[in-house]
Amino acid sequence: MKTKKKDFSAYAFMLPALIIYLSVIVFPVGYSLYISLHSGTGVGGMNFVGLTNYINLFQDKIFYIALKNNLIWIFLTVCVTMTVALALAVLLNNKFHGRTFFRAFFYFPCVVAGIAVALIWRWIYNPNIGFINEFFRAIGVDFSQTWISNEKTALIALFVASLWQAIGQPMILFLAGLQAVSVDVLEAASIDGANAVQKFFKVTLPLMKDTFIMVIAILVIAAMKVYDIVKGLTDGGPNNATQMLSTYMYSQAFDYNNVGYGTTIAIVMVLIMLIVIIPYLSFTTKNN
């Protein structure tokens, strides 16, 4: 009886992708875990300290400030950014003259580099010649603020600047979701007596469930790793009022040459993001 020989040619075709995956994903993650168990500058020898970095991290007050700011940022992103993006998508889904221009207009900030956005808004928030303070002076309102230098307003000011850039991508995704809703279903709802508001909340939104899950996952992950606009506008200040996990990680690893501690923060960030990613992947897999 002849035995069938296994054909390993398929594995040969998979080899390039496997090498890239191992070198770009698996090895960096494994090496980061290794570094997080050591202390040192990253140049020369590293001293093994075990879980000391993790113990110190969970006793670090600045870490909890950064984590709180990230959670606030996630809440604002899900509640405000998603709501504004959905509202714009609904408006731009209607047929009117110049619709294509406005779609491009609201999407354009999304493709601008984050550090460039930070520079633009640094001028807007300038306490002496900035647009916002000059606007209040022009209308005779004495409401001049040092927007990004005040602990009470810095985080919200950062979020507003980020909102201007961040609405483009979810807006396009919501727009695609709205256009995927069958016209026949909406017409059937109209025949049954549903008005425009009822059709939107009871027909359109439920049919966009997959789009909402994808948008929420993208926004939460982006909010968790927000960095460039914070770095460009406040660098975590004043007095850590806008410190994020990403900026704290960078400052520890590169400003203070504490690579092991900075990598520990990065590992914790990854673990937090997995809380979002794993349910999202599980949901999409079940649907498929």
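The model is predicted, so local features need pLDDT of at least 70 and side-chain atom pairs count only at pLDDT 80 or more, while totals for chains, interfaces and linings use all residues. Residues are numbered from 1 along each chain as its sequence is written, and side-chain values use heavy atoms, with hydrogens and water left out.

1. **The largest pocket.** Rolling a probe the size of a water molecule over the atoms shows where empty space is left. The largest pocket holds about 440 Å³ of space. Its lining has 21 residues, and Ser162, Gln165, Ala166, Ala222 and Ala223 are the closest to its centre. Two or more lining residues come from each of α3 (61-92), α7 (154-166), α8 (168-180), α11 (209-224) and α12. The top contributor is α7, with five residues. By class, the lining has 13 nonpolar, six polar and two charged residues.

Terms for this point: a pocket is an open set of points on a 1 Å grid over the protein atoms alone, where a 1.4 Å probe fits, with protein on both sides within 12 Å along at least five of seven lines; lining residues have an atom within 4 Å of a point. Points are joined across faces, edges and corners, and the volume is the space filled by probe spheres set on them. Helices are DSSP runs (H or I, at least four residues), numbered from the N terminus. Ala, Val, Leu, Ile, Met, Phe, Trp, Tyr, Cys and Pro count as nonpolar; Asp, Glu, Lys and Arg as charged; the others, Gly among them, as polar.

2. **The second largest pocket.** This one has a volume of about 320 Å³. Its lining includes Val90, Asn93 and Asn94. At least two residues each come from α8, α9 (183-191) and α10 (196-207). The largest share is that of α10, with three residues. The lining divides into six nonpolar, four polar and one charged residues.

3. **Helix α10.** This helix has twelve residues. From first C-alpha to last it reaches 15 Å, close to the 16 Å expected at 1.5 Å a residue. The expected span is 1.5 Å times one less than the number of residues. Phe200, Val203, Thr204 and Leu205 are buried in α10 (buried is under 20% relative accessible area, exposed over 50%, partly exposed in between, with a 1.4 Å probe and protein chains only). Their cover includes α3, α8, α9 and α11. Asn195 caps the N-terminal end of α10, with a side-chain oxygen 3.2 Å from the backbone nitrogen of Val197.

4. **Helix α11.** The 16 residues of α11 should span 22 Å at 1.5 Å a residue, and the end C-alpha atoms are 23 Å apart, which agrees. Its buried residues are Thr211, Phe212, Val215, Ala217, Leu219, Val220, Ala223 and Met224.

5. **The loop between α12 and α13.** Most residues other than glycine have a negative phi, and most peptide bonds are trans. Pro238 sits in this loop, and the peptide bond from Gly237 to Pro238 is cis, with omega near -10°. Asn240 is in the loop too. Although not a glycine, Asn240 has a positive phi of about 65°.

6. **Gln243.** The loop between α12 (228-233) and α13 (245-255) also holds Gln243. Gln243 is buried, at 7% relative accessible area. Its side chain makes a polar contact of 2.7 Å with the side chain of Thr247 (a pair of N or O atoms within 3.5 Å; within protein, one must be able to donate a hydrogen and the other to accept it, and residues adjacent in sequence count only if both atoms are side-chain atoms). The Gln243 side chain also reaches the backbone nitrogen of Tyr248 at 3.3 Å. Leaving aside neighbours within four places in sequence, Gln243 is in contact (heavy atoms within 4.5 Å) with Ile62, Ile65, Ala66, Asn69, Gly236 and Tyr248.

7. **Asn257.** Asn257 lies in the loop between α13 and α14 (259-287). Its phi is positive, near 55°. Asn257 is partly exposed, with a relative accessible area of 42%.

8. **Ser36.** Ser36 belongs to helix α1 (residues 9-36). Ser36 counts as buried, at 0% relative accessibility. Its side chain reaches the backbone oxygen of Leu33 at 2.7 Å. Beyond neighbours within four places in sequence, Ser36 is in contact with Gly50, Asn53, Tyr54, Gly260, Thr263, Thr264 and Ile267.
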